[in-house]
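Me: I should like to learn how to read the features of a model, one at a time. Please give the general idea in each case and then apply it.

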Amino acid sequence: MLGYDLAASGIGLVLVLLYDGLEQWRGVGALGFLVILAPILAIRHIYGLYRKLQNSGRELLDLMVKAIEARDPYTSGHSVRVATLAKAIAQELKMSGEEVEEVYTAAVLHDVGKIHEEFAPLLRKESKLTPEETALLQTHSVKSAELVGIISSFRGAIQTAVRSHHERWDGGGYPDGLAGEAIPVGARIIMISDTTDAMTTDRPYRKRLPVEAVIAELQKYRATQFDPRLVDLVVNSVTIRRAIAEMQSLAVHTREGVSEGGSMRVQARAMSLLRSRSSWPKIKAF
Ligand SMILES: [Fe+2]
């Protein structure tokens with residue numbers, strides 16, 4: 001807003017000079033001058049509304065992420081860590097500023113579909129999932145893409161990256177069995193960032209791995225699970241390796257800190273916000 005105000009001040013100054021310098025403007029008078037200023041004020045108002053919409057959209061996303069993480073306390077902070085690493089990789093790939101932001105947003109929202117009620121018992125289950133449960137949980141990427149598509153500005157690159165974030169380079173992933181370059185680059189970046197974060201975080205069934213062990217795992221699955229170019233980039237980039245080390249130090253285990261009541265309140269608030277958008281389609285599982 002400050003930047004706009006400064007720019008608007010410059011325009012105002014030019015108008016004052018024009019008014020002062022041009023004889024014909026004197027005939028128009030103060031009313032005419034106001035007519036010229038009105039569009040500037042209107043633009044300022046519209047810009048303010050746009051910023052408010054942007055902020056409320058971002059807050060809604062934050063809330064949705066918190067709702068997912070309330071369901072799955074072992075992954076607290078996961079989405080933001082994945083997004084931070086994904087953004088660093090996208091920047092190392094020299095993607096444009098807009099593309100980097102798309103990758104970041106898709107990475108923040110990649111598991112948002114896990115907010116659906118049907119996944120709750122699976123996410124809290126500590127023993128091994130049955131094949132049927134695994135198949136059900138694997139539908140979360142499609143559910144995530146459906147939710148992301150509710151926001152029109154997220155349709156396109158962000159939505160396809162979310163849908164395909166479990167596709168594997170060798171074609172053995174889901175939901176569509178895409179392979180190689182057919183997988184959207186944003187999805188390939190999320191796949192490697194997501195797996196890296198999972199390895200750098202303590203889980204109930206294993207301790208986090210040291211950075212060198214993480215790198216060895218990424219190399220082991222180069223060109224099978226992961227895009228080989230991305231593995232080479234992660235292995236060889238000092239910036240990315242430093243980002244992984246920072247992720248490891250930031251990863252915290254917060255299962256004890258999330259109460260059932262708190263979790264329900266966050267989810268209820270997310271659902272109420274989603275439903276308050278009258279133009280949005282109804283979401284069955286909500
Ligand atoms: Fe996922």
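**Reading the model**

Me: Does Lys 94 count as buried or exposed?

Reply: Lys 94 counts as exposed, because it has 8 C-beta neighbours inside 10 Å. The rule places C-beta atoms from the backbone and calls a residue buried if 20 or more other C-beta atoms lie within 10 Å of its own, exposed if 12 or fewer, and partly exposed in between. The structure is a predicted model, in which local features need pLDDT of at least 70 and side-chain atom pairs count only at pLDDT 80 or more, while totals for chains, interfaces and linings use all residues. Numbering starts from 1 along each chain, as its sequence is written.

Me: Where does Lys 94 lie, and what is its phi?

Reply: Most residues other than glycine have a negative phi, and most peptide bonds are trans. Lys 94, in the loop between helix H3 (78-92) and helix H4 (97-109), has a positive phi near 65° without being a glycine. Ala 223, also not a glycine, has a positive phi of about 70° and is found in the loop between H10 and H11. Ala 223 counts as exposed because it has 12 C-beta neighbours inside 10 Å.

Me: Which residues does a cis peptide bond join?

Reply: The cis bond joins Tyr 174 and Pro 175, with omega at about 10°. Pro 175 is placed in the loop between H8 and helix H9 (185-199).

Me: How many helices and strands does the chain have?

Reply: Elements are DSSP runs numbered from the N terminus, namely helices (H or I, at least four residues) and strands (E, at least two). The chain has 13 helices and zero strands. Of its 286 residues, 30% count as buried.

Me: What is the mean pLDDT of the chain, and where is confidence lowest?

Reply: pLDDT is the predictor's confidence in each residue, from 0 to 100. The chain has a mean of 78, and 68% of its residues reach 70 or more. Confidence is lowest in helix H13 (residues 260-276), at a mean of 43, and highest in helix H8 (residues 157-163), at 97. Over residues 252-286, pLDDT stays under 50, and the model has 35 contacts beyond four places in sequence for them. Where pLDDT is low, the predicted coordinates should not be read in detail.

Me: Which residues touch the most other members of the largest nonpolar core?

Reply: In soluble globular proteins, nonpolar side chains tend to be buried together. A nonpolar core is a set of buried Ala, Val, Leu, Ile, Met, Phe, Trp, Tyr and Cys residues joined through C-beta atoms within 7 Å. The largest one here has 47 residues, of which Ala 86, Ile 89, Ala 107, Ile 189 and Ile 190 touch the most other members. Two residues are in contact if their C-beta atoms, placed from the backbone, lie within 7 Å. Apart from neighbours within four places in sequence, Ala 107 contacts Val 82, Ala 83, Ala 86, Ile 190 and Ser 193. Among contacts in the chain with a separation of 6 or more, 67% link residues 24 or more positions apart.

Me: At what angle do H3 and H4 pack, and which hand has their crossing?

Reply: Axes are lines fitted to C-alpha atoms, for helices over the stretch in contact, and angles run from 0 to 180 degrees between N-to-C directions. Here the angle is about 155°, with the axes 8 Å apart. H3 is therefore roughly antiparallel to H4, on a scale where angles under 35 degrees count as roughly parallel, over 145 as roughly antiparallel, 65 to 115 as roughly perpendicular and the rest as oblique. A crossing is left-handed if the near helix is turned anticlockwise from the far one by less than a right angle, and right-handed if clockwise. H3 and H4 cross with a right hand. Val 82, Ala 83 and Ala 86 are among the H3 residues that meet H4, whose own side includes Val 103, Tyr 104 and Ala 107.

Me: How do H3 and H9 pack?

Reply: Their angle is about 130°, with axes 9 Å apart. H3 is therefore oblique to H9. The crossing is right-handed. Contacting residues include Leu 85, Ala 86 and Ile 89 of H3 and Ile 189, Ile 190 and Ser 193 of H9.

Me: And how do H10 and H11 pack?

Reply: Helix H10 (residues 211-220) and helix H11 (residues 228-236) pack at about 160°, with axes 10 Å apart. The two are therefore roughly antiparallel. H10 passes H11 in a left-handed crossing. Ile 215, Leu 218 and Gln 219 of H10 make the contact with Val 231, Val 234 and Val 235 of H11.
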